[in-house]
Amino acid sequence: MALVAGVDSSTQSCKVVVRDAGTGALVRQGQAGHPDGTEVHPDAWADALAKATEQAGGLDDVAAVSVGAQQHGMVCVDESGQVVRPALLWNDLRSASAAEQLVAEAGGPEYWAKAVGSVPLASFTVTKLRWLAENEPENARRTAAVALPHDWLTWHLGGAAELTDLRTDRSDASGTGYWSPANGDYRRDLLVAALGQDAVLPMVLPPNASAGSTRAGAMLGPGAGDNAAAALGVGARAGDVIVSIGTSGTVFAVADAPTADASGAVAGFADATGRFLPLVCTLNAARVLQATARLLGVDIDELGRLALSAPSGAEGAIVVPYLEGERTPSKPDATGAVHGLTLHNSIPANLARAAVEGMLCGLADGLDALVAEGVAVQRVLLIGGGARSAAVRRIAPAVLGHTVVVPSPGEYVADGAARQAAWVLSGAEQPPDWSTMDSETFEAEPDSAVRERYAAAREQVLPRL
């Protein structure tokens with residue numbers, strides 16, 4: 001029995017799964033936490049990977065490994081292979097003004113959408129490089145290579161010998177802002193416009209190509225961005241839309257053709273199979289529920305019970321959940337808000353319901369944006385930590401306007417990375433057909449009134465102090 005390992009290096013933690021390469025059966029797993037914050041030294045990821053690997057029983061008997069990780073993070077490396085400064089993560093919004101500058105300088109949103117499939121926002125790597133050039137010019141000059149979190153971890157696993165050994169995949173490269181998923185090339189002119197100089201960039205590999213081997217001799221897969229890895233992990237196919245409720249909220253679809261949305265709402269990413277992954281991302285997802293539970297002095301389970309005890313529409317209470325600013329729509333300085341409170345409806349159950357509905361309305365706006373770009377919706381898959389909430393599962397169909405399928409809980413990103421590792425190990429043209437996981441289906445009549453009231457309130461937000 002050949003074994004493969006998949007890694008999920010997310011914002012909050014590192015998870016490792018070891019699976020049977022032929023069947024996908026889980027053999028063992030481990031997990032370790034990451035530091036809080038929006039900038040983290042990559043050594044912390046390596047330390048967490050080592051701890052998670054040890055908890056998973058080691059990788060000495062594993063034939064192939066692949067890494068899925070949070071997208072966009074800026075990892076700058078000098079000529080000697082040392083990290084120049086802590087990595088700026090996707091949720092670090094200090095480069096918001098740099099994004100505006102780059103879009104204006106290079107010809108506007110239409111130009112960027114055509115060039116790289118996306119209009120850069122503060123989360124994109126290219127904007128963080130501009131911030132670095134303007135605010136830390138010496139660090140910018142020291143930067144000899146630019147990698148993403150999963151690129152750096154794959155390089156680390158392979159021995160980190162030469163900068164030219166850096167490898168990546170289409171899905172993660174498509175989130176940089178200087179690689180085109182439509183033609184498969186780097187746009188070095190955009191890199192130079194941001195950083196002020198050229199730099200070594202990871203070679204972009206096909207989905208089933210080897211990125212080398214670990215020090216122990218296991219094959220390395222090319223890896224993937226977290227959303228693309230999750231799509232691979234749940235076996236998503238063309239026509240599937242995945243709504244993922246984690247640290248961030250994402251709505252993405254497997255598509256056969258690239259997208260180029262000049263509004264900036266839909267990012268035209270690539271997936272981990274050779275197709276495309278148009279995606280809408282919100283900064284505010286499961287943590288909206290956590291914050292509301294803390295506000296009410298209850299745990300997440302009790303928050304869900306309260307939400308389900310309130311009527312649809314929360315008797316007029318509306319939560320606009322921009323607690324960390326927002327990426328889509330682009331409102332990096334926005335704050336959250338509660339609207340429609342009266343003496344009659346100011347009860348914990350309504351606030352709980354409004355928080356769930358508000359979070360889902362933000363994701364439903366993302367689903368609408370995908371449809372506007374021509375994405376077909378045949379089924380909606382609901383995944384992520386937030387999908388474990390009974391309230392989210394039961395309310396989602398009414399807000400999203402579609403039947404919702406919830407796969408059994410799993411480490412979807414790590415599972416997708418493991419499936420990629422098995423694919424690379426096999427040398428086959430298609431990924432292995434691991435057994436489809438169990439799922440539960442939820443249905444409800446669409447509730448347009450909730451969406452309409454949310455739409456009326458979402459622009460009425462105050463900026464951060």
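Reply:

R451 is found in helix α15, residues 448–457. Helices here are DSSP runs of H or I with at least four residues, strands are runs of E with at least two, and both are numbered from the N terminus. The model is predicted, so local features need pLDDT of at least 70, side-chain atom pairs count only at pLDDT 80 or more, and totals for chains, interfaces and linings use all residues. Numbering starts from 1 along each chain as its sequence is written, and side-chain values use heavy atoms, with hydrogens and water left out.

Is R451 buried or exposed? R451 is buried, with a relative accessible area of 18%. Buried means under 20% relative accessible area, exposed means over 50%, and partly exposed is in between (1.4 Å probe, protein chains only).

Now look at its neighbours. Leave out residues up to four places away in sequence, and R451 touches C361, A364, D365, D368 and V399. A contact means heavy atoms within 4.5 Å. Two of these names return in a network of salt bridges: D365 and D368 are linked there with K331, R451, R458 and E459. A salt bridge is a side-chain nitrogen of Lys or Arg within 4 Å of a carboxyl oxygen of Asp or Glu. Side chains of opposite charge can pair when their charged atoms come close.

**Other charged pairs**

The structure holds 24 salt bridges. One of them joins the side chains of R19 and D415, at 3.0 Å from N to O. This pair links distant parts of the chain. R19 is in strand β2 (residues 13–20), D415 is in helix α14 (residues 412–426), and the two are 396 residues apart. R19 counts as buried, at 14% relative accessibility. D415 also counts as buried, at 8%.

E134 and R130 meet in a salt bridge at 4.0 Å, N to O. Both lie in helix α4 (residues 125–135), four residues apart, about one turn of the helix. E134 is partly exposed at 45%, whereas R130 counts as buried at 8% relative accessibility.

R141 and E138 form another salt bridge, at 3.0 Å from N to O. These two lie in helix α5 (residues 137–142), three residues apart, again about one turn. R141 counts as exposed at 53% relative accessibility. E138 counts as partly exposed at 45%.

**Helices and their cover**

Go back to α4. Eight of its eleven residues are buried, so α4 is largely enclosed by the rest of the structure. The buried residues of α4 are T125, V126, T127, K128, L129, R130, W131 and L132.

Next comes helix α3, residues 109–116, where W112, A113, A115 and V116 are buried. Their cover includes α4, along with α2 (96–105), β10 (179–180), α8 (188–195) and β17 (267–270). Just after α3, G117 takes a positive phi of about 85°.

Helix α10 (residues 286–296) has its own buried set: A286, V288, L289, A291, T292 and A293. They pack against β15 (240–245), α11 (300–309), α12 (348–372) and α13 (390–400). After α10 comes G297, whose phi is positive, near 70°.

**The whole fold**

Step back now. The protein has 15 helices and 23 strands. Its radius of gyration is 21 Å, close to the 23 Å that the globule rule gives for 465 residues, so it is as compact as a globular protein of that length. The radius is taken over C-alpha atoms, and the rule is 2.2 Å times the number of residues to the power 0.38. Along its principal axes, the C-alpha trace spans about 65 × 55 × 40 Å.

Of the 465 residues, 60% count as buried. Take the contacts between residues at least 6 apart in sequence: 72% of them join residues at least 24 apart. The R19–D415 pair, 396 residues apart, links distant parts of the chain.
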